[in-house]
Amino acid sequence: MTFEETGLRPEILKALGEIGFESPTPIQEKTIPHLLNTDKDLIALAQTGTGKTAAFGLPVLHLSDTEFNSTQAIVLCPTRELCLQIYRDLDSFAKYMKGLDVVAVYGGDSIDKQIKALRRGGHIVVGTPGRVNDLIRRKRLDLSSVRTLVLDEADEMLNMGFKDELDSILSAMPEERQTLLFSATMPKEISRIAKNYMDTPDEIAVGKKNEGADTVTHEYYMVNARDKYPALKRLVDINPNVYGIVFCRTRAETKEIANKLVHDGYNADALHGDLSQAQREQVMNKFRIKHLQLLVATDVAARGLDVDNLTHVINFNLPDDPEAYVHRSGRTGRAGKKGISLAIIHTRETGRIRQIERMMSKKFDHKQVPNGKEVCSKQLFNLIDKIENIEVNEEQIEQFMPDIYKKLEWLSREELIKHFVSAEFNRFLTYYEDAPDLNVTSRGRDNDRGRGRDGRSRDRDRGRDRDDRGRGRDRGGDFDRDDRKSNNYSRFFINIGSKDEFSPTNLIGLINDQPSVSQVGVGKIEILKKFSFFEVDKQYEKDIIDAFQGVNYNGIDVSVEPSNPKPSARDRGGDRGGYSGGGRRRSSGGGYSGGGDRGGRRRRSSNSKY
Ligand code: AMP
C-alpha cells in the first residue's frame, strides 16, 4: 500500500514526501483506512517505534476542519517529552495545511502561555492528563466539539497514576466521538477504560499482544550477583559502538552504576528522578545527539525519552513487572532497524526470563559473557579500523612529517604498527590480563573456572585496579568481589539494610560523614534486607562504635555493634536467615560482598544522600 492509496489529502502527502516517508508502516496501513472510513472506536496494540504517531496523526489531520474554530481532536499522552514529540510530528505533517493550529499543553511550563496559545486556535490539542484537566477546570480548554480522542501510551498513563485524571477528562467529553486507544500492553485497567469509555471498539495489533518487535533479539547473560557490574563492562567493551540505555531498578542503583561507569572512563550519564527538569533535559539532549553512549536510567525516568537508532537496551536488573520489559526492549529495533535487548541476570533469575518469554512468545538466547581475549580482539580491530579510515589532513600534517620520520627511522614497519597500537591499547590489555570467566554454569553454583584451588578468585579485574591506581582515583564504591582475607579488619553489624534504601555507597558516605573515622579503610560490605555488615581497619574498632553514637539515617537511629568474623565459605549454608543479635548471626548466603578495594583504601561516596 502507498500513502497515495490511503486517500490522505494532497497537502499531507506533499509533507510526507519531504519528510521521506515512502510507504505506510504496518500499524499505519491498518489505522489510516479505519479512521478515514469508519467512526468506530479502535484499540491498537503497538509499541513506540512502530510509526504510531503518524498512524493516528495523519488521519486526525486529514479530518480536521480549519474553517471551524474549535478543538476537534485531542491527543492525551503520559509525558511532556512525548507530548512535544507528537506536537512536532503533527506540525511537520501539517506543514502545507494552511490555517491549521496544533497546540501542546503539558505540566512544568507556563500555563498562561499555553492558555494564550489555545485562544489563538488549537484545532488539535496534544496534552498530558494533569495539565489538560487543569485547563478544563479553569474553563480554558473546551472539549465540547471534540470529535476524535486519542489516548497514546494508555498503559503508561495509567502506570504514572493518571487514572483519576483520565476518568475525569473522559467523562467530560461529548459522547459522540471516536476514541482511539494506543497501548503497548494490555493490562486489566485498559480493558476497564475500554469498557467504560469506548463503544464496542475494534482491536488491531502489530504482532501479537505484548509481543515485542521482530527486529529485536533478546539475550541473557548469567553471572553471580556480585559480577554484574564487571559483566556490564565486558558487554559494553565487546560492543565498542554501543548506543543504549542501561536500565536499573532504583534511583540509588542508577546513580551508583552511572558513577562507576563514568569513573571507569565510559561515556555515560544517569537519568533519574532526583534531577531537575533542566538537568533532565540536558542529559536527554546529550544522549539524543549521541554525545553520550550510555544512559543509565530507571523505567520511570526514561519515560518520554524517544530516541531511535539505539543499538542496545541493557537490563542491568530485570524489571519487577514483565510488561515493563516489553517497554524497555521496544526502545531498540525501531523503524525497521535491528536491536538487541540484553539482560544480565544472576543464578536465581532464570524463572523471570521464562516468564517474559511466555508473555512475549519470544525466546531469549543464553549467551556467554565474553572473555578478556575476545574483548581485546574486538577492541583492537575497532581501533585498527579507525586508524585505517581516519581522515588524514595532508596539508597540516606535512610540515611535521620530516621530523617524525627521522625520529622513527630506527623502527621497522611491523614494530612501528605495534608501537602505535600499544600506545592506544596497553591500558586495555593490562585491564583484561588474567580476566576471569564471569559466566555461571549451573543454578546457584559459582563457576570455579578462574579460581584458585582454595576457591578464592584469582586477582579479579587486576588490570582495572592498576589502571585506577594509575589514574590516582578512588574506586568510588566498587562492589566487585574481593577475596582478600579479613585478618586486619573488624566486622560490624549495622541496623539498617536495603529496605531502608541503604546501599554500599550510602554506607561509605555515612562513614565518610563521621569526621573521626572518615579516613578509615573499609573492607567488605554486605547489605541485607533489614541490616548490614561491614568491615573496617581493626585499629579503628573503638572509634567506629563511638563515631556512630547518635547518628541518624533517614530518620532511623543508627546502631553499630561488633560482629563475629564472617564464616568461611565452607561454613555457609546459603541461609539468608535473620540476624540473631549480639554478634551471633546466621550466614548471609548472599548480598554484596563488597569492598573491592584491596588494601582497604578509603572510598568516597559521590552520591551519599545526607
Ligand atoms: P513512532 O512510533 O511514531 O515514534 O515512530 C517511530 C519512527 O519511525 C519515527 O522516527 C518516525 O519518524 C518513523 N516513521 C514513522 N512512520 C514512518 C514511515 N511510514 N516511513 C518511515 N519512517 C516512519
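**View 1. Helices α17 and α20 packed against each other in a predicted model.** Here the axes of α17 (residues 372–389) and α20 (residues 413–432) come within 10 Å, crossing at roughly 165 degrees. As for handedness, α17 passes α20 in a right-handed crossing.

**View 2. Who touches whom between α17 and α20.** On the α17 side, the contact is made by Gly-372, Val-375, Cys-376, Gln-379, Leu-380, Leu-383 and Ile-384. Facing them from α20 are Val-421, Glu-424, Phe-425, Phe-428, Leu-429 and Tyr-432. Sort these contact residues by type and you get ten nonpolar, two polar and one charged.

**View 3. The open sheet of seven strands.** Reading across, the order goes β10-β11-β9-β12-β13-β8-β14, and the pairing is parallel. The edges belong to β10 (268–271) and β14 (365–367), each of which pairs on one side only. From one strand to the next, the twist averages 25 degrees.

**View 4. Zooming in on the β8 and β13 pair.** Strand β8 (residues 216–222) runs parallel to β13 (residues 339–345), and seven bridges join the two. To get your bearings, look for Val-216, which stands opposite Gly-339 in β13.

**View 5. Helix α15 lying across strands of the sheet.** This helix, residues 322–329, lies across β8, β9 (244–247), β12 (312–315) and β13. Its direction makes an angle of about 150 degrees with β12.

Methods
Residues numbered from 1 in each chain as written. Predicted model: local features only at pLDDT ≥ 70, side-chain atom pairs only at ≥ 80, totals over all residues. Heavy atoms only, no water. Axes fitted to C-alpha atoms, helices over the stretch in contact; angles between N-to-C directions. Helix = DSSP H or I, 4+ residues; strand = E, 2+ residues; numbered from the N terminus. Left-handed = near helix turned anticlockwise from the far one by under 90°. Contact = heavy atoms within 4.5 Å. Nonpolar A, V, L, I, M, F, W, Y, C, P; charged D, E, K, R; others polar. Pairing = 2+ DSSP bridges.
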